[in-house]
Amino acid sequence: MVSPVNTSIMPTVNSNQGSIPVSSPHKINEKYDKDTLLKNNFSTNFRIAIDKLTNAATVYPAKGLTGNKNSNFYEFLTMGTVPYIIGSLTLMGVFNSANKYFEPFAKSKAAKIGNKMALGVLFYGLAKELSKSLITAPVKMATGVDVNLPYARVIYELPDYKDDTDITSIEYHKVFESVEFPRWDLLYGDESKGISRNAYYDKVAKKLGLGKNLKDSDQEVKPRIKEIATKTAAVKNIVPYLWAALGVGVAMQEPWDDFFKRFSNPFKFYKYSEFVEHEGQKWNFGAKLGATVQNMFQETGQAVKSFGRTFKNSVSELYKGSKNASKANIMAGKLMIFIPVIATVLGDWAIISGNKKAVPKKVQDAENTGVSPVIQKDRKYVVN
Amino acid sequence: METNLINNYINSNKNFLTGPNKAEYNRAQMEARDRENFANLTAKNNMKPLPGKGRLLNSSVLDLPVDFVKGVSYDVKSLKGGLSGNSNDHQLGELNSLGMAAGGLGIASYLYTKKSIPSAKWMEFVGLGSFFASMALWPKLALGVPARIIHGFDIRQKYQDSMGRTKFVYSDPQYIPWDLYSDKEINKIGDRLHVSKDIPNRRDFIQEKMKKIALQNNTLWMLTAGFATPIMSALICNKAEQMVRNAQARPQNSKADDMLKNLDAYAQKQDTSKYRKRLESLLKANKNKPFDAKLAEKIAKAMSFGLDPQVAAALKADLSTEEFINNGVQITADEVEFALQNIPANASRFRREKDAITKVMPKPEEIIEQLKQKNLMGRALNADELKSARSIIVKSVVAKLPTVVRGWDEACEGAFLEDITAKLLKDLGSNNACRLSEDKINAIRTLAGHVEDFYKKSSVIDAYRLIKVADEPEVIIANKWNDITSSFIKIFNITPKDIELNRFDREHAQQMFRSKLEAITSDDNKYKDVISKLAEQVKTLDDSLSDSHAAQYEKTIDEVFNKAAVDFSSLGLNELSEKLVSLQFRINDLTLPKSRDDYWMGEYRNKLKHLNITEQEAATVVERFNTIKAIKDPAEKAQKLHKLLNEVPVFNFDETGSLKRLQKAAFQERLAGVRNTFYRMINTLDLYRRVSKADFAGALPNSIPREVREEIIELSKQIMLQGHAVDYSTKFYFERNLHPSSEGGDIKVVKGAVENAFYKPKADGVQRVEIPSDLNFFKRVMRFMYGNTTQDGADYGHEMDKATQDALKDKGLFDKIQNYNRDFYFTMGNETDVLKPNIKVSGDAILSSPGERFLKVAKAPDELVTKLVQDSFNTGKWKSMFIGLGIGLLGVTVASQFLFGKLRSPQNPIKQNQQRN
């Protein structure tokens, strides 16, 4: 009898389901011949992000607009970053682009609002993205489950024309992006390479307190991992928006007015150019260039320093309220800070603690009674 | 063991496909095998797939509320499931929009608290809502609707899957649930897509085409949403801002009107518990502690209930009077003895006679007996009773002194009393005087009750004034100002080009507006239209800020402040009473001066003349006031004082620096500044009209040399359009020809502009100067601008233009503007100037303050227009940029539809054969 995993009943063209893709983490720039687990580190993620963004802005829209038969849902979702980025820039533009036509006083007033709005958009995005790791990192540390684990999926496409040989495309997914169908298969070790088949699951089982050297650690921890992944996804879909709101709140504070007064346009390099002729200045090209570069570094250094200081002051103002703030505003400012912090802590706690508590008891029961709650050896199971 | 049917099926098929006897199987056998397998899968083992429950959703607007509720309940379920680890992918995806909404609400709520302008607060939520709305509406309106019209099907078709989850049919081009469409539906769409009817596999082809269209649209959606959402949202907000402002202004206005009508009810609603608590805890903490200046100040501050610090200062003074401090003192026998002992030592000027005085001091028992007889011992005394107790002692002491002090006379007695009185008073009440006794606490509570009552009422008045005329954005007067002035763009037909060219500079805007006025006033129909529209707009000010509103406001203030002042005065809070209404100040005005020399008497008579009261009447008022002051019973005193205040008009003639005056002036001044600006605008238009019509009868007769008339007209036009109060103060500094031509003749006016025959300052080379000695020039200019003959039979000036009169009478503004003009003419025309002290429109100088003159002249029309042009340029520029972008984007998006769905139709084999043959 052939294993149902190996053979598909669906008439899939160019399916890669010839063998179980037992894989070890690959480097991203290798040519993949099968679905491949990748390392979750900065360089991989950065390259994935660049790859996705480039495709989202070039290949995918081109395919979509021409109605290419190989366009798929992944491409549609990946293109979702396009409106996000364009939208952010447009939103900045809505508040800033008309200002230059105004008379000076109105211009300065409008710029004040415009700068803060642009900063708000920036902080919204940054806070939303950065805060995600506040949820996933503690979960990974406590449970060993890394919900951000990426893998490369090899897609076999229909040929675009008669002799089209380039029929594969690579998509970057996450192992747990679907909580209903996580890619368990990618997590099994390749025994031919000396990695035990359940190595990953053993590790998680140990972290989750299920014990060492379990016979079927994969079966035992899969439901747990699924639960963790589900909870993490739920928390991750809500809490970052609270941080994003905090980001906007910080950007709306008064200290930024002074910051933008001083560093209004970082691209005005002529401001510190030594090539502008000064009276009695007899420098050669090299000296001018050197001085200009020095000025640029100085200016950038000051800007960075001032940005940090202003950020700190803004957070403090958000907490304490500005000079003429109403009581409601002061209270709201405090809530803006506390709500995301508390939500993150509670979220992490709900994800981590819920699992740790439940599991050891069941294991204990199993040891006491000899009956495992997870796998009951005397029952028959249909493997799905 | 149960048969694994699926595996059996696969294996059998596998054998069938790869087996060695492949050739033996014919079609019938294959079908028989299939039938057998099917039977195995279904009937025999009763195992078959459940029929699909998926369906296409055709929701209408009517379903929106139900869909919304369902959506919320689904989200809640998803959240619950997510946090317990039981949600599926679809549910988790939905949580994303929930998070986004939560974050958005957080931002809007925070910014709501941060903004101070009411409409800006609500706009935060409008902004959030419009952003979400734009996200949802853009794909519907810019992609869905055109696609439906052009291609005949809904690219955003939703369906419900068997699990009850709602999804888009076309979001995943690799998985489209085509089985939900019937053949009929698909063929109908195919007809709309002009798919030939005789091609093989028509349904497949139509589906392919639909898929392509949907995919192309989805991609376009992703590419355009980033531009469209913020722009659409910003435009919605821009449009909504005015509506939000109106929506919150209208109820505010009627609430304010209601406040004055039901003052007491609103006063009761004022929360004073905070102040009460503060006062009570202060009294409790300081009970029986020395009642010194510091404590009096603290109590006064707590008692002032958050009113003006001036009130606290006045209260402190009232609480520090001897009457108040010594109120409630009890005298004991020990104290009498102690006081008597101290008297000889206290009389510092009689040190040499100290021993003698000590010998003749009365016995304490005698004094105590006397005090007891007069019922001045063993109970709390008020300040007056304490005084009589003191005088009993003093009399007994002084009675025997002539016998021991040589040369005792009146002067000696005076010196003796001066020396001992203060100390005596202190010694007498030493056990409880100057302490915060229970009696004092009760007295303070009573006083605080009255202050509280006043605070509550004056808070309502404050709230009314703030809503109507506060110097803040979006109060009623500010909204009215914005509404009326922004209508000027349309009324005066200021075009976008005018706006763009003149936005940077007042001089440019001035020239632009002047030529507009000249063009309008020289065309009869246009003028009638413009003046009537202008009057219509100006009239709207009366809707919420008419004279009757002002009168009602002032009446309420008089009532509340007069009553409070009388109450306070009768309770001994004279300082506070004075702060509120300046009663004593007015009485001092009416009282004959101590020094009766000519200077002081002249001042006195001037005051009475100003107050419009005779010397006789003034004397009666002063006498009545003094009688009332002497009344002991607080209730009677209050009643009489109240009567006096209400009966004598001079007390409401409050030009003094009282708090009552401040309340009234704050309202009057704001209203005057706005109203006079509009009146001046109407007058400006009228003046230009009279010039355009060459209507100079009355003010500028031909007897005046033509050159001078030309100068007068030019100056009048300039002053009306751009003059400030200072121009009137200097009696118009204007450079003129020192030797004007004596020629007469009519003034020539072409299209509203005077064609000067003589006055050509830029071209004729005449050196022009200011001529301060010309007494008539100023008068004539004033007459031409503000003089009018239609009122009071006055013989000065000029009538308004007929069309202006008609329009103003029609809107009920005629009399108001006539009054304003008359007032203006005399107030501004009769000021004395250093350079030209004798140049006035009439004989008497009229006293007016710079503030009054500033408000009378109000804002110059050219400045108003300059600001207007700047503001509307900014909004207009922004709008035109983004409306342009929005329309462009929409155009490109819709036009793209015509390029979508192009697919080569498969050849019909029959047709192909026919063609070949």
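What is the mean pLDDT of chain A, and what share of its residues reach 70 or more? In this predicted model, the mean for chain A is 82, and 80% of its residues reach 70 or more.

**Figure 1. Confidence along chain A.** Helix α8 of chain A, residues 239-251, has the highest confidence in that chain, at a mean of 95, while helix α11 of chain A, residues 327-369, has the lowest, at 79. Over residues 1-29 of chain A the pLDDT is below 50. Beyond near neighbours in sequence, this stretch has 53 contacts in the model. Where pLDDT is low, the predicted coordinates should not be read in detail.

Figure 2. The average pLDDT of chain B is 85, with 91% of the residues scoring at least 70. Residues 15-20 of chain B stay under 50. For this stretch the model has five contacts beyond four places in sequence. For the complex, the predictor gives an ipTM of 0.82 and a pTM of 0.73.

**Figure 3. The contact between chain B and chain A.** Chain B brings 63 residues to the contact and chain A brings 64 residues. The area buried between the two chains is about 5,000 Å², and carbon and sulfur atoms give 69% of that area. On the side of chain B, the residues that lose the most area to chain A are Asp89(B), Tyr110(B) and Met222(B), together 13% of what that side buries. How many salt bridges does the rule find across the interface of chain B and chain A? It finds zero. Polar contacts between chain B and chain A number 14 residue pairs, with both residues at pLDDT 80 or more.

**Figure 4. The side of chain B that touches chain A.** The elements of chain B that give two or more residues to this side are α1 (5-18), α3 (64-83), α4 (89-114), α7 (202-261) and α37 (861-896). Of these, α4(B) gives the most, with 17 residues. By residue type, this side of chain B divides into 30 nonpolar, 24 polar and nine charged.

**Figure 5. An open sheet in chain A.** Three strands of chain A lie in the order β1-β2-β3, and their pairing is antiparallel. The edges are taken by β1 (36-37) and β3 (168-174) of chain A; each has a single partner strand, so one side of each has no neighbour in the sheet. Strand β2 of chain A, residues 150-156, pairs with β3(A) over seven bridges. Ala152(A) stands opposite Tyr172(A), which is in β3(A).

**Figure 6. A salt bridge within chain A.** Side chains of opposite charge can pair when their charged atoms come close. A search of the whole structure finds 68 salt bridges over all chains. One pair in a salt bridge is Asp257(A) and Lys112(A), whose side chains meet at 3.9 Å, N to O. Asp257(A) lies in helix α9 of chain A (residues 255-262) and Lys112(A) in helix α5 of chain A (residues 104-143), so the pair ties together parts that are 145 residues apart in sequence.

How values were computed. Residues are numbered from 1 along each chain as its sequence is written. Chains are lettered from A and ligands numbered from 1 in the order in which they are written. Side-chain values use heavy atoms; hydrogens and water are left out. Contact means heavy atoms within 4.5 Å. Buried area is the accessible area (1.4 Å probe) that two parts lose on being put together, summed over both. A salt bridge is a side-chain nitrogen of Lys or Arg within 4 Å of a carboxyl oxygen of Asp or Glu. A polar contact is a pair of N or O atoms within 3.5 Å; within protein, one must be able to donate a hydrogen and the other to accept it, and residues adjacent in sequence count only if both atoms are side-chain atoms. Helices (H or I, at least four residues) and strands (E, at least two) are DSSP runs, numbered from the N terminus. Ala, Val, Leu, Ile, Met, Phe, Trp, Tyr, Cys and Pro count as nonpolar, Asp, Glu, Lys and Arg as charged, and the others, Gly among them, as polar. pLDDT is the predictor's confidence in each residue, from 0 to 100. Two strands pair if DSSP finds at least two bridges between them.
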